[in-house]
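The sequence and the structure follow.

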Amino acid sequence: MFQQSYTQPQQLKQLQHSPLHLLIVEDVVEDAELMAIALESAGVNFTWNRAQTARDCEDLLTNTTYDAVLSDYRLPGFNGLEVFKLVQQSGQEIPFILVTGSLGEEAAVECIKAGMTDYVLKDRLFRLPTVLERALGEFKLRRQQEQAIALVQRQAKREAIINKIVQAMRSTLALDEVMQITVDQLQTALQTTRCLICQVEINNQTRACYVSLTATNRENIIGVQCGFSRVHYQTLSQGETVIVSDFSNLPPQIQELLRIFEVRSLAIIPLLYRDSFLGVISLHQCDRPREWSPEELSLVNVIADQCAIAIHQAELYQKAQTELTERKRAEEALRQREQRFRSLIENATDITVILNASGKYDYISPSVKRILGYSPEIAIGRNALSLAHPDDTAAIAQTLSKAIQNPGISQSPIEYRVRHRTGSWCVLEAVATNLLHDPTVNGIVVNCHDITARKLAEQQLLHDAFHDGLTGLANRALFSERLDHAFTVAKRRKEYLFAVLFLDLDRFKVVNDSLGHAIGDRLLIAIARRLEKSLHPGDTVARLGGDEFVILLEDIDSLSSATNLANLLHQELTSPFTLDEHEVFITLSIGIALSSLDCEDAANLLRDADTAMYRAKERGRARHEVFNTSMHAQALRLLQIENDLRKAIETIKKEQQINTTTQLQNPAANNNKNQNITHSQIPITNPQFLIHYQPIVSLSTGKITGFEALIRLQHPERGLISPAEFIPVAEETGLIIPIGQWVLRESCRQIRQWQHQFPHHQPLTISVNLSVKQFSQPNLIAQIDQILRETDLDGRDLKLEITESVLMENSKSVTALLRELRARNIHLCIDDFGTGYSSLSYLHRFPTNTLKIDRSFVSRMGIESNISKGNIDPTEIVRSIVTLAHNLGMDVVAEGVEKASQLALLRALKCDYGQGYFFSRPVDGSAAAALITKDEWGFERRG
């Protein structure tokens with residue numbers, strides 16, 4: 001098991017704050033490091049552990065908490081599904097992303113069904129940071145949704161418990177039955193060991209009167225005095241709850257009772273009615289110490305209020321029986337029962353309705369004013385269906401019919417809509433009970449609970465689960481669902497065509513960096529509205545995240561439908577967006593992927609559209625491209641080249657470590673200037689960089705004056721790879737910086753070695769190319785100084801070649817940098833002169849020493865040009881460049897000299913130096929040393 005830590009500049013928005021801790025399950029260390037490099041390159045702040053075996057994985061998951069798991073599918077002795085099961089068994093609910101070399105359709109389906117988050121192919125590791133960011137975002141959103149749903153469910157459960165207890169109070173006048181139902185419901189709802197209701201007796205002693213039926217020691221507890229009520233009377237009488245887990249300060253007799261009944265945590269909630277202390281609800285937890293949540297205590301407090309009302313009403317009833325004479329006992333009892341029933345209704349938070357046999361209101365509780373805005377008197381005598389939604393009247397009528405047919409039995413709850421006084425619709429949950437046979441009621445009692453807020457919350461949660469929170473567009477989940485549906489339809493209808501358009505805003509980061517993220521968000525919203533306006537009904541537009549949008553066009557006639565829409569979108573975005581007085585112009589790069597029989601997977605079609613979008617960006621942005629299979633192959637090829645470059649860089653690092661160790665073990669080697677330092681003998685199992693050297697020859701003496709260092713990539717399978725193939729990838733990925741630094745160090749080391757090896761030869765120089773990215777490094781001067789010190793090379797023997805584009809990037813800072821280089825006697829050459837800006841005005845501003853004429857001019861020297869058609873004689877162009885350089889005090893090197901005739905012309909034009917196949921191809925170090933041993937070139941004899 002290995003652990004690494006990386007911290008890089010912020011790039012990905014969601015991964016740029018606190019560091020992530022990742023588990024990488026991979027038996028091949030190089031593959032694990034490639035994953036880490038892919039994340040590092042994207043600026044992800046993270047640490048990671050690597051597990052090679054199932055035992056490693058289980059131990060790490062048991063002892064460490066992770067933010068995500070990245071796992072290969074095929075592993076020694078187990079596979080990705082088994083890893084996923086270990087993650088599930090560990091209880092860590094985190095994203096699980098497969099990173100595998102290949103994954104068949106059946107295996108992919110199996111993994112997704114198992115619950116894995118996503119997968120990334122190893123040959124597309126550049127997608128790993130985006131997939132990880134998206135997965136973490138989706139998990140965060142899912143947890144928020146689950147918490148919100150859990151909250152709604154808890155609220156519903158609480159309301160159901162309260163409703164059941166209140167219904168029990170309303171359905172019976174027997175206090176014992178109501179209290180017993182209450183303690184049983186509370187014990188079940190709160191999952192506590194036991195629940196008690198203790199009442200105050202005539203002698204002011206508080207005793208346990210009701211204990212939940214399933215509680216331990218129930219028979220022994222009933223009738224026991226509640227000493228807590230006396231100890232905490234002041235607190236309880238003020239309506240405050242008492243929570244006790246530490247019993248050490250209690251009186252000994254109370255501690256003994258708690259020990260006998262094995263109580264470890266205790267909550268006591270007072271029963272108060274109009275400031276009268278009637279008793280307590282006592283909750284016991286015996287199996288463990290317990291913290292009672294505010295939500296739980298709130299539920300018990302609400303029920304305590306209802307219990308207090310019930311107890312008070314019972315006391316009133318008993319008192320009335322005692323005071324009335326025997327002759328009026330039956331009449332008074334009946335009146336008390338009605339009063340109790342009315343009091344419960346009047347104090348309830350729900351609407352209580354009594355309907356007569358014809359379904360008209362005989363009574364409606366005052367709470368209707370608060371919930372629906374109507375005065376109770378207005379509803380009396382009206383039909384119960386008059387305020388209900390027309391679509392719900394049939395269900396209401398059916399429920400009332402069942403109630404009439406089943407006297408005394410409460411019907412199943414029914415949800416229906418009722419018009420509010422303002423005209424809006426409220427949703428009520430109602431339970432009807434037929435008490436027409438009860439002379440005290442003589443009606444159908446309907447208890448109505450307002451669930452409008454809960455229903456709106458459920459609708460909002462459902463909407464948020466499938467829509468983007470910023471733009472309101474469909475999100476990835478909804479888009480994937482509709483794309484899957486399109487594939488399903490296409491399987492049934494062979495002629496059915498659909499297309500996916502992948503949209504990415506060009507230079508959106510510039511807007512965020514310059515105007516701020518708030519303006520950037522408003523721009524995304526405005527773009528979303530324009531996209532919606534451009535679509536037909538039935539089409540889907542979604543935001544995947546950041547500045548990426550996708551569009552699904554269904555049931556189209558041909559590819560032209562998609563390309564026409566792309567053209568329309570380009571046209572729509574030509575108009576600027578005005579945001580806080582800022583006029584913002586934005587363009588789109590669009591990739592189009594058309595459905596086909598060959599593509600049966602939604603993820604692949606989306607990937608193909610993404611690939612085509614990147615091709616559009618490569619070709620200049622603000623355009624669209626249609627996917628073809630060659631794009632996918634090109635993307636794989638570029639990823640392979642990037643992987644090869646990274647492996648070659650790792651080889652360089654290993655060589656440097658071995659060389660450093662060797663020098664530390666043999667310090668005398670550092671003083672041997674004539675020693676021929678060689679690379680470490682590492683087997684060529686990975687791509688390696690090589691440097692070839694092409695001689696630069698003085699055209700006046702015919703002798704070698706120096707070499708140009710040219711990098712090559714030696715691949716173990718493909719052989720020698722041209723720089724034209726891998727240098728653009730190195731530039732794009734930023735790998736050109738470590739590569740260029742290695743080339744500079746190795747070239748300086750080699751030329752210094754030759755200077756020692758050939759002391760009688762005129763001083764040799766080395767020319768090294770610097771890229772635009774290298775030139776923009778703030779520590780470039782420090783790097784060059786360090787390399788010159790390490791190699792003991794004089795600055796005058798180093799020539800740095802830069803292109804005209806480097807000079808034009810930032811002329812002020814470039815000028816200062818060039819002057820620092822010249823102060824070190826380093827020669828500066830403008831490479832490929834004549835192919836770039838070729839502005840005469842900048843040549844005198846920059847302290848350059850040499851102009852290198854591009855081979856495109858040299859190769860055409862001596863060829864007749866049709867001046868009448870506007871063609872310019874290449875020989876005259878070369879003459880002008882030589883003359884210009886000499887007038888400015890610079891020398892000239894002609895590149896691409898391949899013929900004796902070209903050499904003769906260059907000598908006639910007084911060109912200083914030449915370089916090309918006429919003299920020698922680029923060769924390795926040993927072949928270059930052989931060239932130096934010759935005193936004279938004798939190149940005239942080749943002609």
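Is Lys910 buried or exposed? In this predicted model, Lys910 has a relative accessible area of 63% and is exposed, because the cut-off for that class is over 50%. Lys910 lies in the loop that runs between helix H32 (900-908) and strand E34 (913-915).

Most residues other than glycine have a negative phi. Lys910, with a phi near 65°, is a residue other than glycine in which the value is positive, and Asp580, with a phi near 50°, is likewise a non-glycine residue with a positive value. Asp580 is placed in the loop between strand E22 (577-579) and strand E23 (582-584), and with a relative accessibility of 47% it counts as partly exposed. The table sets out the two residues.

| Residue | Phi | Relative accessibility | Class |
|---|---|---|---|
| Asp580 | near 50° | 47% | partly exposed |
| Lys910 | near 65° | 63% | exposed |

**Strand E7 and its partners**

Strand E7 (residues 96-100) is largely enclosed by the rest of the structure, because five of its five residues are buried. Phe96, Leu98 and Thr100 point one way from E7, whereas Ile97 and Val99 point the other way, and the residues of both sets are all buried. E7 runs parallel to strand E4 (residues 68-71), to which three bridges join it, and within this pairing Phe96 of E7 is the bridge partner of Val69. Strand E8 (residues 118-121) also runs parallel to E7, the two being joined by four bridges, and here Leu98 stands opposite Tyr119 of E8. Phe96 and Leu98, which take part in these pairings with Val69 and Tyr119, point one way from the strand together with Thr100.

**The packing of helices H2 and H3**

How are helices H2 and H3 oriented to each other? Helix H2 (residues 54-63) packs against helix H3 (residues 80-90) at an angle of about 25°, with the axes 10 Å apart. The two helices are therefore roughly parallel to each other, since angles under 35 degrees are counted in that class. The crossing in which H2 passes H3 is right-handed. On the side of H2, Ala54, Cys57, Glu58 and Leu61 make the contact, and they meet Val83, Leu86, Val87 and Ser90 in H3. Sorted by class, the residues of this contact between H2 and H3 are six nonpolar, one polar and one charged.

Terms used
Residues numbered from 1 in each chain as written. Predicted model: local features only at pLDDT ≥ 70, side-chain atom pairs only at ≥ 80, totals over all residues. Heavy atoms only, no water. Buried < 20%, exposed > 50% of the residue type's maximum accessible area, 1.4 Å probe, protein only. Pairing = 2+ DSSP bridges. Axes fitted to C-alpha atoms, helices over the stretch in contact; angles between N-to-C directions. Parallel < 35°, antiparallel > 145°, perpendicular 65-115°, else oblique. Left-handed = near helix turned anticlockwise from the far one by under 90°. Contact = heavy atoms within 4.5 Å. Nonpolar A, V, L, I, M, F, W, Y, C, P; charged D, E, K, R; others polar.
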